[in-house]
Structure formats: C-alpha cells, structure tokens
Amino acid sequence: MKEILTKRELENRVKRLCVKATEKYPDWDTIIILGRVNQYYFTGTMQDGILIIKNGGKLMYFARRSYERAKIESPLSDCIYPMGKYSDAAEVCGKLFGNTLLETDIATIEVLERLKNQFEIDRIYPIKKILSEVRAIKSQYELDAIREAGKRHKHLLEEVVPSILREGMSEVELSAELFEKMLKLGHQGVSRFNSYQTEMIIGQIAFGVNSLYPTNFDGPGGMKGLSPAVPLFGSSKTLLKKGDLVFIDVGFCIEGYHSDKTQVYMFGGKPSDEVQKIHRQCVEIQKKTAALLKPGNIPSEIYSSIIGGLDSSFLENFMGFGDRVARFLGHGVGLHVDELPVIAKGFDNPIKENMVFAIEPKKGVPQVGMVGGEDTYIVTPDGSESITGGERDIISV
C-alpha cells in the first residue's frame with residue numbers, strides 16, 4: 001500500500017460524519033459509537049471501548065482494553081482515555097448528552113440502560129444509515145487497500161485454486177487449503193459482515209448441487225456446511241469428482257478492507273453447452289451492470305433496468321434457486337463485505353465517485369449447481385474499474 005492512515009484523514013471522516021448527522025438530525029448533540037469496526041474507522045484502532053463525538057467534532061475514545069494498544073496504534077492518541085467503567089467517561093466528557101445518535105441495531109437493552117445510568121440522554125436517533133453513507137465513499141488510503149486485496153484475490157481464484165483441486169478431496173479440505181493459501185497471500189484471516197449475526201469463515205465453497213443448498217446467508221449461492229450447528233466451511237462428506245462444478249465465493253481482506261469475488265470451475269472436463277450458455281448470460285449481465293456504475297446513476301434504477309430486460313424464463317432460478325432468491329444484483333464493499341449502497345429496489349441515492357461495489361449475477365442450474373460470477377469495481381469519474389480481474393468464463397480444470 002502506498003498510503004498510510006493519518007490523523008488528518010481520521011479527522012476528515014469525523015467532519016463528514018458530523019455534516020451527515022446535521023443534515024438528518026439538526027438538533028443532535030452527541031454521537032455514541034459502540035461497534036468495533038466503526039470505532040476502527042474513526043480512530044484507527046479496534047479495542048473494547050466507547051467512542052463519543054460531540055456536535056462540533058470533538059472526539060473522545062475511551063478504551064477499556066487495551067488503552068495502551070490504542071495509544072500505540074491510533075493517530076488520534078491525544079484523544080484516547082483509559083476506562084474501567086462508563087462513569088470514567090462521564091468524568092471526562094460530562095453527563096449531558098442531549099439528543100444522541102446511537103447504533104440502535106447493535107446496542108442491547110442492557111448496554112442502553114448502563115448508558116442511561118451514567119449519561120443524561122434526551123432522545124435517541126439511529127445512526128446506522130448515516131455511518132454507512134459516510135463509509136461508502138472511500139479515501140485514497142482505503143482504495144489502495146481494496147486494490148491490493150483485489151489484485152491478490154484475482155491471483156488466488158484464477159491461478160492458485162486450479163492448482164489445488166484434486167479428485168477425492170472434500171469441501172472441507174478445499175476450504176482448509178484455500179484458507180492457508182489466502183493467509184500466505186496476506187489475507188487478514190477474517191471476513192467481516194454487516195448483516196446481523198452473519199458468520200462466515202472464508203466464504204461459500206461447494207461442489208455440484210451443494211451450491212444450491214439452502215443457507216441462512218442472504219446471497220444467491222448455497223453451501224451445505226459442516227453441520228446444522230455450523231453451516232459454514234463446507235461438507236466433510238462431499239468429495240470432488242470428475243464432472244463436478246466447483247463454486248467459490250470468498251472475500252479477501254487487507255488492512256481491514258475487502259474485495260469480493262466469485263469464480264466457478266468445472267473439474268475433470270468442460271461444462272456442457274447449456275451450462276456455458278447460462279454462465280455467459282450471467283457474465284453479460286455483470287458487464288452491463290458494471291457499465292452503469294457511474295456517478296449520478298441510481299442503484300434502484302440500475303436494478304430495475306437490468307432485471308426488466310431479462311427474459312421471464314431466465315429469471316427462474318436467477319440470483320438463487322427455487323423460492324430462495326436474493327433481491328439484489330450487487331452491494332457495497334469495504335470494512336465489511338456487505339455494505340451500502342446495494343443495487344436493489346429502495347436504494348435511490350445517486351452513486352458517487354470512489355464508491356466500491358461487488359456485482360454478482362448468478363443462476364442456479366438444476367442437477368448442476370450455481371453458475372455466474374462476481375467481481376469488485378471502483379467507481380471512477382468515467383465509470384467503473386474492475387480490480388479483481390473482471391468477468392470471465394467457467395475455468396476448466
């Protein structure tokens with residue numbers, strides 16, 4: 001990476017947050033941030049703590065564990081305080097919080113009661129959407145990290161995976177070997193998701209019809225997983241054989257920032273003409289969608305335009321299988337794999353330069369598996385730029 005995370009950049013992020021908060025809630029007084037990923041976004045360190053921002057931009061980060069580490073890592077070290085309990089924060093910033101913006105999507109009733117015991121809060125406003133909008137536009141530092149992730153991601157799925165596929169290996173074995181390769185390529189070892197209670201180790205990995213298996217994850221692809229208790233990582237009982245479709249949808253992450261990519265392979269042969277045709281139709285949809293990722297265009301209108309142009313027969317099992325259909329074509333990517341904006345109905349704010357999207361049109365083929373692809377794109381003044389290699393055919397191994 002060329003850039004480093006600077007104090008100036010973090011201060012600029014806080015300023016943009018305050019502007020957005022004022023646009024939505026002109027009478028706000030205080031912002032409380034509990035989520036560790038959001039704390040990292042504004043401080044450059046990820047600790048057990050509470051981040052408080054007052055109207056006017058004053059930031060105070062109270063770190064329970066580890067205060068020492070937070071001081072070492074954050075460019076905002078002069079704004080970091082030790083904390084054993086919330087009353088320690090109240091002694092520094094005062095008890096009067098007034099109208100407060102809070103991550104109501106993650107703050108439990110217990111935490112809320114503890115906050116109210118220490119701080120005088122008049123009204124509570126939700127801040128999730130505001131945070132998402134601020135984070136949606138990436139800085140040069142963030143783009144550099146995502147570009148580097150995309151470069152290594154492309155190498156992983158297009159060059160490394162074909163070299164490790166072998167007859168008789170299980171989905172779990174592939175996942176384990178793939179994870180090792182990812183770590184050696186610099187992947188940070190964890191993929192983070194914004195969706196509530198979404199767990200994922202490295203992504204969705206499946207052989208054959210397992211890529212059509214129902215999941216609790218809101219996406220087109222399927223995965224059987226280890227067991228009902230751990231529907232992740234892949235099945236230890238499903239073994240790779242000649243003629244199997246191999247579906248791999250994984251994130252790659254460097255310095256906290258993800259790229260997202262899916263590649264489909266045919267092991268021990270070539271895909272049938274029908275499967276290849278369906279896959280190439282998905283590729284064309286991906287290209288058309290990516291071509292519309294321009295500043296000023298509206299995500300919901302892109303979605304309606306693309307979906308409206310598809311034949312009714314093709315829409316069957318498109319973006320899923322059977323009744324399990326994902327109602328989007330793509331999503332934002334950054335510190336989480338799944339961020340705003342989403343290429344779907346209801347997302348009506350214009351696309352802006354330096355937003356990052358993953359576009360993933362996919363279609364389930366009965367008795368075969370999930371085909372289609374996914375790549376990550378950066379929005380430039382003139383359109384979109386793929387950073388994970390771009391659309392391509394099924395890879396025969």
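The model is predicted: local features need pLDDT of at least 70, side-chain atom pairs count only at pLDDT 80 or more, and totals for chains, interfaces and linings use all residues. Residues are numbered from 1 along each chain as its sequence is written, and side-chain values use heavy atoms, with hydrogens and water left out.

**Cavities**
- The whole structure holds two cavities of 30 Å³ or more.
- A cavity is a set of points, on a 1 Å grid over the protein atoms alone, where a 1.4 Å probe fits but cannot get out; lining residues have an atom within 4 Å of a point.
- A volume is the space filled by probe spheres set on the points.

**Largest cavity**
- Its volume is about 60 Å³.
- Its lining has 14 residues, and Thr 262, Gln 263, Gly 373, Glu 374 and Arg 392 lie nearest the centre.
- β9 (257-266) and α9 (273-291) each supply at least two lining residues; helices (H or I, at least four residues) and strands (E, at least two) are DSSP runs, numbered from the N terminus.
- β9 gives the most, with four residues.
- The lining has two nonpolar, seven polar and five charged residues, with Gly counted as polar.

**Second largest cavity**
- The volume here is about 30 Å³.
- Met 200, Gln 204, Thr 215, Asn 216, Phe 217, Met 223, Pro 231 and Leu 232 line it.
- Five of these are nonpolar, three polar and none charged.

**Hairpin β12-β13**
- β12 (residues 330-332) and β13 run antiparallel, joined by three bridges; strands pair if DSSP finds at least two bridges between them.
- Six residues separate the two strands of this hairpin.
- Gly 332 has Glu 339 in β13 as its bridge partner.
- In β13 (residues 339-343), four of five residues are buried, meaning under 20% relative accessible area with a 1.4 Å probe, protein chains only.

Notes. Buried < 20%, exposed > 50% of the residue type's maximum accessible area, 1.4 Å probe, protein only. 1 Å grid on protein atoms, 1.4 Å probe; cavity = no way out; pocket = protein on both sides within 12 Å on 5 of 7 lines; lining within 4 Å.
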